[in-house]
Amino acid sequence: MTTNAQEYINEMARKRGYVLDYHKIMAKQDFPVLQAANDLVSAAYLNERTLDRKTKELIFIVSLTVMRAAKGHIQSHIRVALDLGLTPTEILEAIEISLPEAGIVAFQTGFEAWREVVDADGIEPSVLVHQGGSGE
């Protein structure tokens, strides 16, 4: 791997607060395409324009939830949102926006990612019931 690619992936990590596995592999295997894809993400998501980073992070979490993205991908954005000062409740409220348009199955994708990151627990029934599971 070239030093340039190493420096680039380090800078991506600093700006985003995370890097995904595909970022790491593309840095080594097809660096120009990674740069092109990252330029688009930077323009739409990372660069401050009218919307602040917190708002963009919430939109990203909701869009990933609706798309039923991999749990780890959603969780990386939840962690960044928390680092930016958003509360677990604010993040959950954003994820709940997916319910009317995308439905319960999409909502559960984001909810499970959120639950694990913030270590949320619930109330157990005090009556005999079949276990429903997490929805994963």
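Let's start with helix α2, residues 21–29, and helix α3, residues 31–46: their axes come within 6 Å and cross at roughly 135°. The axes are lines fitted to C-alpha atoms, for helices over the stretch in contact, and angles run from 0 to 180 degrees between N-to-C directions. Helices here are DSSP runs (H or I, at least four residues), numbered from the N terminus. The two helices are therefore oblique to each other; under 35 degrees would count as roughly parallel, over 145 as roughly antiparallel, 65 to 115 as roughly perpendicular, and the rest is oblique.

A word on the model before we go on. This is a predicted model, where local features need pLDDT of at least 70, side-chain atom pairs count only at pLDDT 80 or more, and totals for chains, interfaces and linings use all residues. Residues are numbered from 1 along each chain as its sequence is written, and side-chain values use heavy atoms, with hydrogens and water left out.

Back to our helix pair. Which residues in α2 and α3 meet? From α2 we have His23, Met26, Ala27 and Gln29, and from α3 Phe31, Val33 and Leu34, with contact meaning heavy atoms within 4.5 Å. Five of the contact residues are nonpolar, two are polar and none is charged.

Now, salt bridges: a side-chain nitrogen of Lys or Arg within 4 Å of a carboxyl oxygen of Asp or Glu. The count comes to six.

Lys24 is partly exposed at 44% relative accessible area, while Asp21 is exposed at 55%. The cut-offs are under 20% for buried, over 50% for exposed and partly exposed in between (1.4 Å probe, protein chains only).

Next, Arg53 and Glu57 form a salt bridge at 3.5 Å, N to O. Both belong to helix α4, residues 53–66, four residues apart. Buried or exposed, then, for Glu57? Glu57 is buried, at 0% relative accessibility, and Arg53 is buried too, at 14%.

Finally, Glu116 bridges to Lys71, with the closest N and O atoms 2.7 Å apart. Glu116 lies in helix α8 and Lys71 in helix α5, so this pair ties together parts 45 residues apart in sequence. Lys71, Glu112, Arg115 and Glu116 are linked in a salt-bridge network.

Key:
Nonpolar A, V, L, I, M, F, W, Y, C, P; charged D, E, K, R; others polar.
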